[in-house]
Every structure is written in C-alpha cells, then in structure tokens.
Amino acid sequence: MPAPSSPRTDIQGLRAVAVAAVLGFHLWPAWVTGGYVGVDVFFVVSGFLITSHLLRRPVRSGRDLLGFWARRVRRLIPAASLVLLATLVASAVWLPTTTLVQVGREVLASALYVENWALARTETDYLAADKLHSPVQHYWSLSIEEQFYLVWPLLLAAVAWLGLRSRRRHHEERTTAVLAVALTGAVVVASLGWSVWMTRAEPAAAYFVSTTRFWELALGGLLAAVLALRASRPAPALVGAGAAPVPWLRAAAAWAGLAMIVVAVLTFDAATPFPGYTALLPTVGALLVILADADRLRGGPGAALRWRPVQWLGDTSYSVYLWHWPLVVIAPFALGRDLGAVGMLGILAATLLLAWFSQRHVEDRLRFHPLLTRRLGATFAMLGLCVVVVGGAAVGVWVTASAAEREALGDARAAVARAQPCVGAEVVRDDGCEDPGLLLGPTAAAQDKPVVYADDCWNDAPFTTRSTCTYGAEASGGTEEPSARIALLGNSHAGHWVPALEEAIATEGWQLDTYLQSVCYPVDVPISFPAEGVSEACRATNRWAVDSIVAGGYDLVIMSARTDQHLAGVPLEDQDAVAEDAYRETLAAFTDAGVPVLVLRDTPAMPEDVPDCLARHSGDPDACGAPPATALEPDPLAAAARADTSGDVSVTSVDHLMCDQICHPVIGGLTAYFDHGHLTATFARTLAPEVTGAVRAAVGGAP
C-alpha cells in the first residue's frame, strides 16, 4: 500500500469531530445526548491508520514487532501516565474519602490497561449504579486500543509471513493483501455478531469489553486492507489513498459520512442499545469520510476539516481526551459547588490548556526523543517506570484508603456502643435523648452493610441462581425447633431490614430464611430489563420464591421492595396501579395458603449517594436530604397490603422516624444509608423495636 504523499488533514479533522462529540457529551450531556459515539469514530480511525502502517511496513521479525510496540509506547504511555498520576493526587486532595478505594483500584487498572474489564465487572453491580463515577473511567477506551495494539500486529505478522511464501514480490503483496482482507473481514463479522448478541444479553458489560468493540477497529483495518488489495493490482492504482473515480461521488460520501456521525451524536442517548448494530451508524460514517479522501476535493468538507482550529483540536485530541474527564469529575469538589452548564466552559478552557501543555512538552518531546527512538530498551524501560510509579502510587492509595475505612468502621462501632441507647432512631423516639453528634460518618457508613452482602444471599441478574440464606435456630446448629419460621421476600430493600431482626432472631429463637433478588421485585408480571431473557428469568425466580415459601411451612412472610424498575409494556402513568394489582396476587398466594404477611413499607430514598454527599457537605448533612414528597417514593406493595381484606396482612412503616419537614440522611448520630437508599446495618438495628414488634404481633396473630 503506497504511503500518502502528505498527512491526511481530513483524518485529523475527523479526530477533532470525534473528540468534540465526547467533550459535548461529558460537558453538556442534556444537549449532546449521543456524543459517546465519538469514541467509536476514534476506533475506526485508529484501526485504519494502524493497519495501513502494518501493511506498508510488515512485521517480519521480533525486532520489527518490538519497534512497532515501542512507537505505541512513546506515543501513548507518557501522557497517559502523567494524567493518571495527576488525577490520583487530585483525588486524594479533593474527592470524598469514600471514593478513594475505587479511585486507587481503577487507576491501577488503567495503568495496566485493563480498565474496560474492571468496569465491565463493576457496572453490572447493582450497588455500584449510584456511586460517583471514577475520574479515570474514560481509560476504558484506551485500554481497548492498547489491547488491540498488542494483538493486531501479531495477526498481521502471520499474514505477512504467509505472503512471503509467494515466489514473486507481486504475488507476495497481493497474497498479503488478500489475506489481510480475509482476516479483517472475519474479525469484523465475528466481533460485530458477538456485539449484537451481548448488547441484548448483557448490555452493561457489552459496552466495555474488548470483544464487542474490536470490530470497530477492524472495520477501519478492513478499509486499509481493501485499499492495499487495490494498490497491489498490476494496473496503475488510483491517485490517493483509495479515491473514488468520480470526485462528486467522493464529496457526497464524505458529507454523508459526517452527517451519519452528527445524526448519531444528536439522536442517540442512554436508551439506545449500544454498541451492537446501532454503532454501525457512526462507524460506517467515519469509514465513508476516510474512504472519500476529502483533502483538496472540490465540493467536499475538506476545507472545513482543514480549518486551523479544527486541525489543532485533531492534533491534540489524545491529550484533550485524557484531561477532560478528570476535570469534569474533580472540579466540583475542588471548587465546592456544582458548576452547571456555564461552568463547564471553564472545564473546557482548562482541558484545552492542559492538552496543549502535555501534547507539546510530554507527548511530542518523548515521542521523538533521540535516546528513546534509537534504543528500544530505553523505551521499554520508560514503560516499566511509568507502570511502576503510577501502579505503585495507586496501590498505595488503595491500601491506605482501605485501612482507613476499616479503622473508621471500627471506631464508629465503638462510639455507637458507648453512646447506647441514645443513638439512631432512639433519639427520635425518646425526647430525653440528646443528639450524640456524628458517630457513624460517611467513610464508615459506606462499608456498613447488612450481613446478607457478605454472605452472598442474592439472586442477581440474569437470575439463574436460587440462593437462600438461613439465620437463627437452624443456622446455629441447635437441636431445638425454632419458635417461628420466617421468610424474607423482596429485593435489596428487603435485605436491608435483616439487621433490625438480628437481636430478636437470637433472643426469640426465630429462624429467618431469605429469598432476595437484586432489582427484581416479587410480582408475577414481566419487569423490564435491558438484557434479553432477564425479564422472564426474574419472573421465574419470583415464582420459585413464592412456591418455596408456600410449601415451606412458614409462620410468617416479611415482604419489602423498591418498585422502581418499570413493568414491561405498561404506560408510565399506569405503572403503580398495575404493580399494585400484581402485588395483590402475590399476597393472595400466601394468605390463601394460610401464611400471614408483614409488609415493611419502603424507606425514603435520597437524591444521591449519601456517604459521598456527606463527605462533600460535612457541615450540613441535611443538604443531602430530600422533602418527603420526593424521598417517599410510591410503594405499590404497601398500598396492596393496606387494601387486603383477608385479615392476614399487616403493614409497618418507619417514615415517622426518618422524616419530618425533610427526610434526613443522618439520624441520631448515624448515617442512615450506605448508598442512596439502602440502610446502614448500624442504623437499621435502631429500628428493631418497630420491626420486631410488628413481627411478634403478626406471628402471635394480633391484629
């Protein structure tokens, strides 16, 4: 494949379009709803350029391979390491202490270029959904590119080796090009097919894993391979890197490609299944722009793409991408206020300034440094130094923050024990109790979860497990029959009641069996999930739980759930009514079998993660609260229970202990939540009088 006679300014312009889309999405997400597709445009450009380079300069030896990797190291690693180190320091200074374990862990993953796999794991964690975004989360796409750069030259080296088996040079070039087309085409088809399937089956993980994204890089590689095949023909090749024979057709292709990218940027949003087949719109658009070779093409977008500011943004796009996201995450904490849409202009200016500095003084200086370009060993020594320094600092923050969390939780538990009984809800109940001051702070609260988390009592999506946990008489190995056998049914908002039952389980001789599903609440109607098949699996799990309880000889069922996941195919205005009807059927399944039910009304939900918010508003905890009209979400389960006429269903609420003019995130010296809406174990224990009193009444048959 012939080298272009001069740099492709249209490709630099395309890079500028891509990074502008990402900036718009992160700075003004309400306006640029699909700007995340800029990453996909980057992938196509990278795949095209890297494949073009490897076809022009085939890898024929180990030194060639090391040379290719060394050029990638000098181009990418120094600036990326600088941003990681700066972000780690800024996080330690300004971000809430509740985030530092996550930041340390993800900086380490980013330094090792496996951040995409780390995010694929945590993004499927329901409890992680409302946590503060990591300031290095954007390294997921860089991780995919680095993984591609590790694998791709090896595959193309095999192609080049097979091409060498041709006896004449012309045959070698053509055979290599044919094999490259076959290879890149196969990767595109296989990875795209997998991406379409996984986007439907596991959309959260599909967004980040390499296997669903490699096709986008390979798509650019396929274009490079096709152009190399055309250039290997005996007849004279077309002028330019694959120019179409008709100029107006090339111009139309370039404009159409840009239009496809813009349409995706402005119309895609969080509800768009992605990547999957929808990613074809921006990626094929990028492919058309590259194919058109719009430089100096009359009627095409070349003049706009050559505009000096556009070229500058394209030249610095890598550094712009590196710096922008840490600023978006950390700046509000450093300045002590939310920035708003206008404040994001300051983030944009700071991003461009830092990008200019790092591109000029780090990227370019080390990329072309004589010592590094002459000696491969020096380049890889620099790589090792970057990984050791950044990774070591990340591990240090991770370990230190973890130790601080454990110490804070231990100190909090000791302080709570000393302040008994006037802590938590007891301060609200008893006018004689004085507020003890903050005993369970945000750092400790973030770790203060009910035992059901450590014991892994959950049935999580895709709901293929049937897990239960048992606490009390049978679990302790005793020979005596439990005084009452109780089933706990619901989602995570049922699980957070377990600490309120712990003391009574021990003293009353009760046995508690859990039937807990994450997100999925106990109704026998389809609940909407983004992944294919999960809705029916959730429904089947609920049927199993109800049938097991009905056949289990239980003396009482305790039910509680947050009913926030939409019901499939039900209009928004009818959601609560349909859910209430579905809950009536679940309650009837128990009462018809003679099993009484106690419903615990769902607790208030806060606007954001409470420990993170409290760390930011240490002097004003109620700044993290919400008025009852907002915090007390509709609870169709409680409504169905109140409407029950069987006489076997009762309802208990603790709203009066958590809300007055506002619903409080800190009550009686205890942070009440370990995230936005799940109760801390320590605070939940202070709700025991209401909960265990209701259980005793229900088991004893009192009205």
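**First stop: a nonpolar patch**

Select W312, L353, W356 and F357, which together make a nonpolar surface patch of about 400 Å². Patches are made of residues with over 30% relative accessible area and no salt bridge, like charges being joined within 9 Å and nonpolar side chains (Val, Leu, Ile, Met, Phe, Trp, Tyr) within 5 Å. A salt bridge is a side-chain nitrogen of Lys or Arg within 4 Å of a carboxyl oxygen of Asp or Glu. Accessible areas come from the Shrake-Rupley method with a 1.4 Å probe, and for residues only the protein chains shown count as cover.

The model is predicted: local features need pLDDT of at least 70, side-chain atom pairs count only at pLDDT 80 or more, and totals for chains, interfaces and linings use all residues. Residues are numbered from 1 along each chain as its sequence is written, and side-chain values use heavy atoms, with hydrogens and water left out.

Now display helix α15 (residues 340–367), which gives the largest share of the nonpolar patch, 3 residues. Helices (H or I, at least four residues) and strands (E, at least two) are DSSP runs, numbered from the N terminus. F357 is found in helix α15. With a relative accessible area of 41%, F357 is partly exposed; buried means under 20% relative accessible area, exposed over 50%, and partly exposed in between (1.4 Å probe, protein chains only).

Select residues 9–27, which form helix α1. Its 19 residues reach 26 Å from the first C-alpha to the last, close to the 27 Å expected at 1.5 Å a residue. The expected span is 1.5 Å times one less than the number of residues in the helix. In α1, 15 of the 19 residues are buried, so the helix is largely enclosed by the rest of the structure.

Move on to helix α4 (residues 100–111), whose 12 residues reach 16 Å, close to the 16 Å expected. Is α4 enclosed or open? Because 11 of its 12 residues are buried, α4 is largely enclosed by the rest of the structure. Among the buried residues of α4 are L100, V103, V107 and A111. Just after α4, select Y113, which takes a positive phi of about 60°.

How many disulfides does the structure hold? There are 5, a disulfide being a pair of cysteine sulfur atoms within 2.5 Å. With bonded cysteines counted along the chain, the pattern is 1-2, 3-4, 5-6, 7-8, 9-10.

Select C520 and C538, whose sulfur atoms are joined at 2.0 Å. The torsion about the S-S bond of C520 and C538 is about 80°, so the disulfide is right-handed. Both cysteines, C520 and C538, are buried.

Next, select C613 and C624, which form a disulfide with sulfur atoms 2.1 Å apart. Here the torsion about the S-S bond is about -95°, so the disulfide of C613 and C624 is left-handed. C613 and C624 are buried.

Select H496, found in the loop between α21 (492–495) and α22 (498–508). H496 has a relative accessible area of 0% and is buried. A polar atom of the side chain of H496 lies 3.1 Å from the backbone oxygen of H493.

Side chains of opposite charge can pair when their charged atoms come close. The count of salt bridges comes to 21.

Select R213 and D40, a salt bridge whose closest N and O atoms are 2.5 Å apart. This pair links distant parts of the chain, 173 residues apart: R213 is in the loop between α8 (203–206) and α9 (214–231), and D40 is in helix α2 (residues 38–56). R213 is buried, with a relative accessible area of 0%, and D40 is buried at 1%.

Then select E502 and R685, a salt bridge with the closest N and O atoms 3.0 Å apart. E502 in helix α22 and R685 in helix α29 (residues 681–685) are 183 residues apart. E502 is partly exposed at 27% relative accessibility, and R685 is partly exposed at 39%.

Notes: A polar contact is a pair of N or O atoms within 3.5 Å; within protein, one must be able to donate a hydrogen and the other to accept it, and residues adjacent in sequence count only if both atoms are side-chain atoms.
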